[in-house]
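Please view the model below before reading on.

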Amino acid sequence: MKVFSFKGGIHPPERKDYTAHLALEKAKDPDFATIPLQQHIGAPCEAIVNVGDLVKVGQKIGEAGGFVSAPVHSSISGTVKEISMKPGVNGEVLSVVIESDGKNEVHESVQKKGSIETLSGDEIKEIIKEAGIVGMGGATFPTHVKLSPPPEKTIDTVILNGAECEPYLTADHRLMLEHPNETVSGLKAIMKVLDVTTGYIGIENNKPDAIEVMQKAVESEENIQIVVLQTKYPQGAEKQLIDACTGRIVPSGALPMEVGVVVNNIGTAYQIHQSIETGMPLVERVTTLSGGILKEPKNLWVKIGTQINELVEQCGGFTEPVGKIIMGGPMMGMAVSTDKLPITKGSSGVLFFNREEGTIPEPENCIRCSACVDICPVYLQPLYISAYSLIDNFDMAEKYRPMDCIECGSCSYVCPSKRPLLQSIRIAKGEIQARNRK
Amino acid sequence: MSDRLIVSSSPHLREDTSIQKIMFDVAIALIPATIASIYFFKAPAAMILLISIISCLVTEIVVQKIRRVPVTIHDGSALVTGMLLALNLPATVPLWLPVLGSVFAIGIVKQLFGGVGQNFMNPALAARIMLTISYADRMTGWVEPGVDAVSTATPLTYVKDFTAIQQGAPSFVDLLIGNVSGSMGETSALLLIIGGIYLVYRNVITVKIPGVYILTVAIATLLYSGFDIQYMTFHLLSGSLMIGAIYMATDYASTPVTPRGRIYFALGCGILTATIRLFGGYAEGVGFSILLMNTMVPLIDRYTAPKVFGEVKKQNA
C-alpha cells in the first residue's frame, strides 16, 4: 500500500494503547451542564433563554452572533439556573448553566431533515449552520463558513482528516471504526454543499483497522478515496495533510481554498450526518480521556457542558495525584488550571499527567544542533525566531517568518536543550500581530 | 485537587534527549581512537589525555564561577573538548602544553563567547591551531608509534608537493589501523570511521558533512594526481581528515544550521583542505580549513535559509 506524507515532522511516542481498543461508551448525563456561549472561533452567541426557563435537549439557547459564529444548544433537558461568567479553557466565558430534570426530553425542533440525496447543497449548509457545527478536531472554526468559499474560488477537493496524529487521542479512530458509513455520509454531504466530485479520507497507518473499515465503507463510492498516511506528527496539520493527499502546496499566509481544497475533521463529518438524519444539533461529542494516571481511560460520548471532574469519576479516578490536565492532545493542547471546566465542541481529548510528566525541564543553552530546523514542517528556523523573541527584538524575529508557524510544537519537542522554542515564537507572533494592527 | 496544577505552554511532551546525552555519545564514539592512541603511543599519550580532560573541566568550572553562571561541566561538552584536544596533539608534547591549550579552548574560545553552543569556532581545533602557530617545533614533534619514540615525518609528507606516493610511505593497512606517526588521535582512519558510524546510528550527526567533505578532498586529489586512486586513498587516510571531517566539522555550535548550508560548509572545508595540502605551505590543511569555514557560518546560514512552506515569489510591484 502506498503511504503518503509531508517533509519534516517528528515521531513522538503514540501512547494510543490506553484507549485505541476501547469501544465508545456513553458518559453519564451531567446533573448540571455548563454550556459556554462561545465554543468556536468568531463572535460569541447571545443567550436566547432566561434564568428559570425550561429547556429541552437540542433546543437552541444561544443565537449566533454573526456570520462567523455558531449557535449553541442545550445538551440536556431541565431548568436554566444561571447565565454568568464561568471558567473556560481560554479564561472566563459567558455560560448557560442548566440543571437537569433527568428526563432528557428532546426538543420539538429536532426532526429528521431529509436525506443527502434529496436535500440541496444550500439546504445542507443551512442545517450545518443551525446545528452549530464547528471544526471538531479542536480548531472549532464554524463549518458553514468553511463551506462558503467566495465565488471566485473554485473548490474541487474535500479532505476528511482522520490522521489523528496527536499522541493519546483516539476519538476519531473509534468513530471511524464504529461509524464508518455515517462518516462517509457526512463527507458526501460536505461534497454536495461544495459541489465537488473528489473526496479523500486521510488516515495514518498506525490505524490499520480503521483504514480497512473505511476502505470497505467507500467501496461503492467512485469519488471517495482512502489515503494512507505515514504515522508522523503533524500529519493532521491542514497544509501538511493537503500536501500529503493532493501534492498541492497552500501558499504561505493563504487558506486551503486557495488550492481548491477544504479540509474537515472526522468528528465534524459524523456530526453533519447526524444533524441531517436525526436533526440533533451538536450537543454531544466523542472525547478521549487518557493518561497513565487515569484508572480506566475511556473514549466517551460526552454531553457538551459536562465537567471534567465528573468524567474523571467515571474513569475510576486517579492512581496518583494529578499534576497537569491538558485539553486536547499533548502536542497542541492547552494545560488548564482546574478540573471544573466543561467539555465543549472542540474537546477531542482530556489528558491527565502526574507532576513528573507534567513538568517541563529547565532550558539550557541552544547548542545549534539544528534539530528544530531539520524537522520544522513549514521549514522555519525556530532557533533564530526564538533567540530574537527572547531579547524582545521582534523586528529581527519577524525576518525569520514567525507568522508562518503552525504552532505544532515539534521544535520544542525535539530540542535537546529543552528551550521554550514554540512559546517564544508565540510571543513573537503576538507582538507582531499587535504591531500590525496599530 | 490538593496541589495546584501545572500550567505551561504546549507542547507537553519532550523528546528524551539532552546536551549531556549527545556529548556522551561523542565521547563514546571517540573511545576506540583514544584507546588506539594509548596503545600506539603508550604512557605519554595517556598522561596527555588525562591532563587535557582535567584542565578543560577545571577551566570550565573556574570561568563559570567567575562569570557567576551555573557550572555546567555535567553536560559533557568540556569532556569532549578535552578528548579532542588531546587527540589533536603529538604524543611528545610537554604536559604544560595541553594545559595551555585547554585554557585557551574552554576559557577563551568557548566561555568568553557565552559557553556551550555559543562558540563560533571549534574550541579544540582553535586551540590546536593556536598551539601549532605558537609552538611550531613542539607541535610537530612527530614520532613513530612505540616506546622508542623515534622522530619521523608524518604520512602526508610523502605526498606533499608530489602527484604520486613516494618511496618509504606507510602502507594503507598501517594508515587504516593507525600504525603511523601523527597526532595521537588522527592516526587510525578505521577507528575514527567506526566512531563516526556510531554517531550516525545515534542520530548525533548525519553523513552529510563528513561525506561531502571527504568526497570533495577525494575528487580534488584524484584530479590533481591524474586519477591515481592510490594517491587519493593515501590522502583520505592520512592526517587529520577523518577526525576533522567526522568530529570537528560536525561541531554543532560552529557549523551552519540549514540543510543546504551544511553542504556548502563541508564543500568549503574540502576545497580549502585540498588547496592547502596540494598547493599551500603546510602538509596538512584540515584545521585551518575548518576554522576558516567556521567564521563563514553566519554568512552561509543567512544565504541558505530554507524556503518557507508555501512561499511564493514576490511579484514585482
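Two strands pair if DSSP finds at least two bridges between them. Helices (H or I, at least four residues) and strands (E, at least two) are DSSP runs, numbered from the N terminus. The model is predicted: local features need pLDDT of at least 70, side-chain atom pairs count only at pLDDT 80 or more, and totals for chains, interfaces and linings use all residues. Residues are numbered from 1 along each chain as its sequence is written, chains are lettered from A and ligands numbered from 1 in the order in which they are written, and side-chain values use heavy atoms, with hydrogens and water left out.

In chain A, 6 strands form an open sheet with mixed pairing, in the order β1-β14-β13-β17-β15-β16. The edges are β1 (25-26) and β16 (334-336) of chain A; each has a single partner strand, so one side of each lacks a neighbour in the sheet. Strands β13 (residues 284-290) and β17 (residues 349-353) of chain A run parallel where they pair, over 3 bridges. A:Leu289 sits opposite A:Val350 of β17(A).

## A covered helix

Helix α6 (residues 238-246) of chain A has 7 of its 9 residues buried (under 20% relative accessible area, with exposed over 50% and partly exposed in between; 1.4 Å probe, protein chains only). Among them are A:Leu241, A:Ile242 and A:Ala244, but also A:Lys239 and A:Asp243. Their cover includes β9 (157-162), β10 (198-204), β11 (224-229) and β12 (261-265) of chain A, where contact means heavy atoms within 4.5 Å. Just after α6(A), A:Gly247 has a positive phi of about 75°.

## Cavities

On a 1 Å grid over the protein atoms alone, a cavity is a set of points where a 1.4 Å probe fits but cannot get out; lining residues have an atom within 4 Å of a point. Grid points are joined across faces, edges and corners, and a volume is the space filled by probe spheres set on the points. The whole structure holds 4 cavities of 30 Å³ or more.

α2(B) gives the most, 4 residues.

α11 (382-390), α13 (410-414) and α14 (421-437) of chain A each supply at least two lining residues.

Definitions and conventions:
1 Å grid on protein atoms, 1.4 Å probe; cavity = no way out; pocket = protein on both sides within 12 Å on 5 of 7 lines; lining within 4 Å.
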